[in-house]
Amino acid sequence: MPNSLVILQAITEACVKDWDDVEEYGAESSDIANALDEAWTEAILTAELTAEEEIDLQGMLEAWQDEWDCDFTMSLKALRQGLDDPLIQQVLQGNITGQEIGANDPPKCAKNLALIRLQILDRQERYQEYLYLAQAENCSQQYLTMLSRLGRVEEAVEAAATQMNSAEDAFALAQSLQAQEAQAEALKIAQTGLNLSGNCLYKLAIWTSELAVELGENEVALNSRMRVFQIKPSFADYLLVKEFAGNSWSTVKANLLATLRSDRSWGVSEAQVDIFLYEGLIEDAIAVADGLSGYESALIHRVMGAAIAHRPDWTIANACRLAESIMDRGKSEDYDRAIKWLEKARAAYLQMGQNLQWCAYRSQLMQVHNRKRKLMGMLKSPDLD
């Protein structure tokens with residue numbers, strides 16, 4: 001048996017035998033088993049095994065599956081089929097196209113097995129066979145990028161029109177085309193990719209904008225940068241769009257602000273506060289702050305600081321509410337946070353010319369919390385006079 005298989009056998013046997021001890025440290029058996037399944041698959045497909053070795057190996061893989069309660073479906077499939085299977089040979093010769101070899105296999109297994117076969121063909125520089133197999137297995141990204149790597153740029157772009165299914169496909173092909181110095185084609189593919197679904201749209205939009213700048217395609221750069229902002233708003237990207245927009249900034253700004261106002265995604269609050277305060281849109285910033293929890297106090301403090309001159313009544317109501325909730329809990333380690341809220345309330349009272357009302361409110365707090373010695377000392381601070 002080849003050395004690679006002997007080593008894999010030793011590793012797998014150790015995992016199966018000692019897994020109960022390893023599992024205590026938080027390791028996931030499925031992660032290790034999947035990695036071993038992939039390693040076994042590649043080793044099997046590149047090894048020259050005798051019929052006897054194949055039988056022995058099949059027995060070991062099946063026994064490990066049962067004992068470890070794991071899944072070696074892919075490596076067992078590779079063992080039964082190999083690269084010499086008549087159907088695969090027909091595919092590699094280009095006689096069968098558009099047919100998934102692993103049509104009856106679990107989808108993940110079929111896809112991963114196809115990718116491993118493609119990796120092997122790539123290493124062996126069997127590029128035409130690689131293309132035939134990629135087509136048969138519907139591996140669009142691998143098919144398109146290989147065409148590009150082979151310098152068949154026009155063919156790759158033409159095929160992309162019907163075979164590019166995701167933003168990931170587009171990003172991979174665009175980067176490959178750029179490596180082939182087909183910059184214009186790369187930009188076109190990247191733009192198309194921004195209209196497809198996928199998990200890389202943010203990175204793709206940034207990449208597209210940067211390439212457009214290099215090529216002097218200012219409108220594409222602007223549209224791509226706007227797409228970046230729409231996907232994941234940030235103050236930095238807002239300023240970049242402003243820089244790109246030039247004379248059209250007023251129209252573009254209106255669109256970005258409309259996007260920002262309607263965005264309810266997690267983590268967008270900081271960008272909303274940053275941008276609304278930058279534009280002097282205090283009411284919009286207040287609307288954001290009203291939806292924040294005490295855990296986002298830094299943002300609320302910023303909005304209150306800006307709102308004191310514009311909406312002191314809102315600042316008083318919310319700062320007092322937050323301060324009282326902390327004082328009522330009676331946890332002395334949090335009193336400094338309550339005092340910071342009260343400082344905001346005091347500033348707003350003074351902004352309204354209501355110093356007497358502030359003094360009355362402060363006195364009321366001291367009466368309510370008179371037994372909290374630490375808090376009483378803080379309420380008597382000159383900063384609250």
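A residue counts as buried when its relative accessible area is under 20%. In this predicted model, Trp 358 has a relative accessible area of 0%, and therefore Trp 358 is buried. Tyr 361, with a relative accessible area of 9%, is under the 20% limit as well, so Tyr 361 is also buried. Both Trp 358 and Tyr 361 belong to helix α21, which covers residues 355–368, and they sit three residues apart, or about one turn of the helix. An α-helix has 3.6 residues a turn, so residues three or four places apart point the same way.

## Aromatic pairs

A pair of aromatic rings is described by the distance of the centres and the angle of the planes. Across the whole structure, a search finds nine aromatic pairs. In one of them, the ring centres of Tyr 349 and Trp 358 are 5.9 Å apart and the planes stand at 45°, so this pair is tilted. Tyr 349 is buried, as is Trp 358. Trp 358 also pairs with Tyr 361, again in a tilted arrangement, with 6.1 Å from centre to centre and 45° between the planes.

Elsewhere in the chain, which residues are linked into a cluster by ring pairs? The cluster consists of Phe 229, Phe 235, Tyr 238, Trp 249 and Tyr 278.

## Helices packed against α10

Two packed helices are described by the angle between their axes and the distance between the axes. Helix α9 (residues 153–163) packs with helix α10 (residues 167–179) at an angle of about 170°, and their axes are 12 Å apart. Angles over 145 degrees count as roughly antiparallel, and therefore α9 and α10 are described in this way. On the α9 side the contact involves Val 153, Ala 156, Val 157, Ala 160 and Gln 163, while α10 contributes Asp 169, Leu 173 and Leu 177. Sorted by class, the contact of α9 with α10 holds six nonpolar residues, one polar residue and one charged residue.

Helix α8 (residues 140–149) also packs with α10, and here the axes come within 9 Å and cross at roughly 10°. Because angles under 35 degrees count as roughly parallel, α8 and α10 are placed in that class. From α8, the residues in this contact are Ser 140, Gln 141, Leu 144, Thr 145, Ser 148 and Arg 149, and from α10 they are Glu 168, Asp 169, Ala 172, Leu 173, Ser 176 and Leu 177. By class, the contact of α8 with α10 has four nonpolar, five polar and three charged residues.

## Helix α7 and the residue that follows

Helix α7 spans residues 127–136, and its buried residues are Tyr 130, Leu 131, Leu 133, Ala 134 and Ala 136. Just after α7, Asn 138 adopts a positive phi of about 55°.

## Cysteines without a partner

A disulfide is a covalent bond between the sulfur atoms of two cysteines. How many disulfides does a search of the whole structure find? The search finds zero disulfides. For Cys 200, the nearest cysteine sulfur is that of Cys 139, 17 Å away, and Cys 200 is buried, with a relative accessible area of 12%. For Cys 359, the nearest cysteine sulfur belongs to Cys 320 and is 13 Å away, whereas Cys 359 is partly exposed, with a relative accessible area of 32%.

## Across the chain

Glu 62 is found in helix α3 (residues 51–68) and is partly exposed, with a relative accessible area of 33%. Glu 62 and Met 378 are 316 residues apart along the chain, and their C-alpha atoms are separated by 71 Å.

Terms used
Residues numbered from 1 in each chain as written. Predicted model: local features only at pLDDT ≥ 70, side-chain atom pairs only at ≥ 80, totals over all residues. Heavy atoms only, no water. Axes fitted to C-alpha atoms, helices over the stretch in contact; angles between N-to-C directions. Helix = DSSP H or I, 4+ residues; strand = E, 2+ residues; numbered from the N terminus. Parallel < 35°, antiparallel > 145°, perpendicular 65-115°, else oblique. Contact = heavy atoms within 4.5 Å. Nonpolar A, V, L, I, M, F, W, Y, C, P; charged D, E, K, R; others polar. Buried < 20%, exposed > 50% of the residue type's maximum accessible area, 1.4 Å probe, protein only. Disulfide = S-S within 2.5 Å. Phe/Tyr/Trp six-rings, centres within 6.5 Å; stacked < 30°, edge-to-face > 60°.
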